[in-house]
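Good morning, colleagues. Please look at the sequence and the structure as I bring them up.

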Amino acid sequence: MVTLFLLLPLAGALLALFLPRERELDARWIALLFSGLAFAVSIVIFVTFDPDQNGYQFVDQFTWINPSGAGFEVQYFVGVDGLSAPMVLLLGLLSVVAVLVSFNIDERVKEYFAYLLLLETAVAGVFLSLDLIQFFLFWELELLPMYMLISIWGSGRNRYSAMKFLIYTLAGSAFMLVGFLVIGVDAGTFEISALTEMPPQDALIPLSLVFWAIMIAFLVKLPVFPVHTWLPDAHTDAPTAVSVMLAGVLLKMGGYGILRIALPILPEQAHDFRFVLAAIAGFSVLYGAVITLQQRDLKRLIAYSSVSHMGYVLLGIAALGAVGLSGAALQMFTHGTITGLLFVMVGLIYERTHTRDITSMSGLMHRMPLIGTVMLIAGLASLGLPGLSGFVAELTIFLGAFDAHPAATIAGIFGVVLAAGYILWMVQRIFHGPADEKWADLKDANCWWEHVAMGSLVVVIVAIGIFPGIITDSIESGIAPIAQIFEANL
Amino acid sequence: MGIDLVGMEDVWILPAIPFAVFILVSFFGRLIPRNGDFIAVLGMALVVLLVGLVLVDFQGAFHDEVFAPIAGANTYSFDWIDIGDGFFVIEFSTYVDAVTMVMLPVVSFVSLMVLVYSIGYMKGEARYGWYFAALSFFVAAMLLLVISGNLLQLYLAWEGVGLASYLLIGFYWERQSAAEAAKKAFITTRIGDVGLLIGIILLWRVTGTFDIQEIIHAAEEGVFGQTYLTVAMLFLFAGAAGKSAQFPFHVWLPDAMEGPTPVSALIHAATMVVAGVYLVARMLPVYDEVLIARDVVLYVGLITALMAATMGLVATDIKRVLAFSTVSQLGFMFAALGVGALTAAMFHLFTHAFFKSLLFLGSGSVIHATEQQEVGELGGLRKKMPITALTFTIGSLALAGIPVFAGFWSKDEILHDLQHYGPFAAYVILAVTAALTAIYTTRLVLLTFFGKPKNEQAYEHAHESPPIMTGPLVILAVLALVVGFITYQGVGESLGFVGGIGELVYLPHHGPHVFKLDIAFAAVATATAVVGVAIGIMYWWGDARRAIAAQSWAPELHQLLVRRYYLDELYQGVINHVVLGAAAVVAWFDKRVVNETGVDGSTQFVGFLGYRFKFLQTGRIPHYVLGMALGVAALAVVAIGTT
């Protein structure tokens with residue numbers, strides 16, 4: 001089942017590439033079909049997933065590379081637990097949304113959708129891999145389509161941004177690979193669950209260094225201060241769908257990696273450095289939020305707000321308890337939907353106004369009430385309004401982290417005031433005020449794909465805000481074994 | 001038990017009705033005749049009816065004149081969020097007691113009046129249906145707030161009313177000033193809300209529960225440390241002060257008058273802004289445990305009451321005068337709570353809701369008729385709008401604290417309690433404020449309805465409002481005249497309350513207190529109010545020459561008040577220069593230092609190294625041999641050195 005989820009987008013990508021040139025536009029439908037099928041599979045996985053059962057479900061496993069006499073093997077080993085099930089669902093949903101908001105693409109259409117689908121497969125591989133080497137391969141595979149999508153279909157300084165993204169991630173993952181090899185070779189296995197059961201006691205190089213080698217890759221991806229500056233550039237210059245995928249699922253690879261690999265395999269080191277992590281987290285929340293206040297470019301504004309919001313993820317993680325970790329996992333999901341929606345809206349606005357300069361827009365509500373309303377909903381979710389999904393995640397993190405890190409948590413709570421500031425300022429500047437002649441010809445969202453893209457995310461945001469149990473039941477079961485490690489031993 | 005169709009355990013249905021109306025009208029309003037305004041009104045009428053039934057059930061729970069419901073008869077709960085296997089459970093829970101039963105009739109009845117009035121006032125407005133939808137959403141959130149049995153649910157509703165307030169202040173979002181005011185209101189209250197959230201977390205950490213009654217219990221049993229509890233309750237109060245526009249958060253309320261006037265009547269006079277008072281009243285047993293925090297409530301209430309009244313003296317916009325007066329009256333309520341006088345505070349909340357919503361709706365009637373809201377453009381309207389003038393005057397007399405009108409009884413009660421339980425200075429401050437209240441109220445009435453019309457055109461244009469608007473005015477005026485009497489046992493009982501308000505709402509450890517009119521005390525309070533009215537008449541009767549003289553007599557003082565003690569400017573300055581200034585510095589740091597120096601710089605450095613060292617790759621064998629020899633020599637030195 002999960003292999004099917006992994007391969008469906010890849011199959012779609014190949015199929016799209018083989019379209020004859022004159023039927024190029026059909027690539028859209030192929031992409032929609034395959035991402036739609038993958039989404040359907042992800043729903044089946046999520047719904048049939050049994051939170052009460054321990055361990056991984058829907059497992060596919062076989063030996064992949066087994067060099068003789070090397071003393072280790074690399075497996076193809078995929079499966080889901082309570083932690084990855086929501087991530088798979090998020091990926092399935094946002095991939096469909098990303099395809100939908102790309103329906104207007106008219107340049108090298110086949111390749112575009114092939115890369116987009118390949119990206120889905122790569123990220124799926126990251127969320128599903130239960131073997132370190134396999135995880136690493138998918139982690140690297142994601143770079144190729146991202147680099148292409150930003151540098152070919154992007155705008156502005158797209159080559160600079162794509163290269164920056166590439167080098168940043170590569171630099172991080174080089175350290176990660178060293179960390180993985182040190183651990184794996186020492187233990188004779190790369191299987192994550194085996195490594196979790198018997199955490200390495202010592203290795204070639206000090207384990208605290210190994211911990212940071214692995215963490216650096218994840219922190220870059222998250223991202224947090226000071227390794228965040230690739231994000232605003234990548235977002236600004238990427239096409240809309242790529243921004244949606246980037247904010248929606250790619251950033252989650254960082255948090256997911258910490259929860260899946262860094263904490264369970266190196267719990268003692270995580271515990272030793274928890275105050276450092278909390279300090280980075282609290283600082284990132286405020287730092288990102290303060291910079292957001294200064295942004296005039298719509299995409300940069302949301303990109304910096306992501307730095308702030310992903311700081312909450314790290315804050316929840318640094319608490320190292322069931323509640324904080326659950327909050328972190330939930331925040332990853334909710335941030336994916338909320339920020340995904342924000343970028344969808346930015347794309348819709350940009351398509352119409354051809355500007356992202358907030359100060360040059362005003363009174364757009366007159367022309368596009370629907371876009372304005374959905375943008376307001378997304379903004380309110382982003383600033384943590386109760387009843388929408390962002391609040392539940394942030395609250396859970398605050399409650400989980402308060403005892404362990406009171407100062408960082410209070411810093412985080414004040415972040416929501418700043419969030420109200422930049423979100424409402426943005427909404428007021430863009431949408432409110434008298435009608436501007438300049439924008440008299442703009443149309444509201446009027447195609448079915450725009451409606452579906454917006455509507456699906458709004459429904460998810462409201463549904464989780466009111467019934468968080470639909471996601472938290474799964475997350476709890478995924479977090480419980482990780483939390484147990486910390487409760488039992490430390 | 002009486003009719004048990006809808007009892008205290010079923011109050012969750014109260015917010016559910018307007019919420020359903022909100023969904024229905026906001027999504028399908030266009031398909032419904034009249035955009036669904038009648039659905040909102042009928043839904044609200046149903047809520048009022050149900051509140052009546054709950055009241056009947058409530059009375060049934062009294063035994064020997066003490067509220068003693070059977071366990072579970074006044075509560076209802078189910079698990080809403082459960083994370084970490086019961087580590088923290090968020091319940092949906094409702095709780096009904098006397099404090100709730102004061103709030104429910106206020107919220108539901110004033111809402112109904114405002115909705116009916118709005119049919120006339122908002123007629124022909126763009127987004128007519130949305131107006132009724134948003135107002136219904138507000139009522140749902142407000143009802144949820146007052147029935148909440150736990151603090152998190154209260155917080156959710158708290159933010160819900162904040163959102164409704166934001167949407168309705170910004171109802172005329174085409175107007176930059178309205179959009180600005182909406183944002184200001186949301187952000188200012190949110191600063192307080194952060195305090196509230198921190199307070200809630202602090203209480204939860206120790207008790208492991210969000211349930212209000214359990215937290216009160218824990219506090220009474222001394223589970224908390226004194227300092228800890230003081231800090232927690234001060235944080236909680238920050239939320240209350242933000243919502244109820246108390247100093248230093250009061251700045252948003254006068255600007256909130258940008259919203260449609262019926263909204264001001266409901267949200268920014270009668271209901272939402274008293275949420276803070278409600279919260280402190282609800283938690284008063286805990287404040288009684290930490291007197292430092294309770295004293296802060298007192299001082300903030302006193303400062304706000306006096307300060308807002310002085311600003312009300314010079315405001316020229318009819319709605320803003322009323323807004324300052326609301327801030328000031330809320331200060332009275334907090335001052336009462338600050339000395340532990342729950343009864344007096346809730347009583348004043350009750351009467352204030354009626355006469356203040358009456359005044360706002362009356363001002364709306366004036367604005368509707370003249371399209372002017374500056375008192376300098378009004379005057380003489382009593383001839384054109386007799387019903388509005390009469391009802392407005394009744395509301396004003398209630399506000400001024402003239403005997404038999406509702407405000408007299410409750411304000412008297414507050415002054416009385418302050419004199420008994422508070423420092424003497426507190427009593428003096430509030431007495432002075434009461435006199436100021438009478439002055440600015442008189443001024444407002446005279447400038448609007450008496451004297452000569454100052455703007456002939458507006459005057460000619462003026463007409464009495466239609467019955468759908470004057471109807472609610474008349475009903476509220478009658479209430480402003482009589483609700484004060486519920487302080488008497490007989491009246492309270494005939495209205496469905498058990499006993500007078502003093503025997504209904506009280507702190508358990510203080511016990512009920514039967515109301516006795518203290519003639520001497522009341523005479524002093526009355527004299528204060530009458531003197532205030534007299535001063536008002538002296539200055540603003542006729543051509544108001546003396547008032548102008550007063551302005552030129554103390555222009556600096558006048559300017560200080562007009563500019564609202566420069567606080568708005570101070571805050572704006574802090575935001576512009578300190579917050580955004582710091583943000584600019586950080587953004588510069590991020591751009592130049594982190595990104596260009598750190599990130600781009602390191603890549604350039606690598607590039608630079610490559611550029612420099614590429615000359616080593618000369619391709620000539622002798623150079624490589626030399627290098628190798630030097631390397632071997634160096635290694636040899638190291639090897640010898642270590643052995």
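This is a predicted model: local features need pLDDT of at least 70, side-chain atom pairs count only at pLDDT 80 or more; totals for chains, interfaces and linings use all residues.

Residues are numbered from 1 along each chain as written, chains are lettered from A and ligands numbered from 1 in written order, and side-chain values use heavy atoms, without hydrogens and water.

In chain A, helix α4 (residues 109-128) and helix α11 (residues 240-265) have axes that come within 10 Å and cross at roughly 15°. Axes here are lines fitted to C-alpha atoms, over the stretch in contact for helices, with angles from 0 to 180 degrees between N-to-C directions; helices are DSSP runs of H or I, at least four residues, numbered from the N terminus. α4(A) and α11(A) are therefore roughly parallel, a term for angles under 35 degrees.

Turning to the chains, 54 residues of chain A and 47 of chain B take part in the contact, meaning heavy atoms within 4.5 Å. About 4300 Å² is buried between them, 74% of it from carbon and sulfur atoms; buried area is the accessible area (1.4 Å probe) lost on putting two parts together, summed over both.

How many salt bridges are there between chain B and chain A? The count is 1, a salt bridge being a side-chain nitrogen of Lys or Arg within 4 Å of a carboxyl oxygen of Asp or Glu. B:Arg205 pairs with A:Asp403, with the closest N and O atoms 2.3 Å apart.

Definitions and conventions. Helices (H or I, at least four residues) and strands (E, at least two) are DSSP runs, numbered from the N terminus. Angles under 35 degrees count as roughly parallel, over 145 as roughly antiparallel, 65 to 115 as roughly perpendicular and the rest as oblique.
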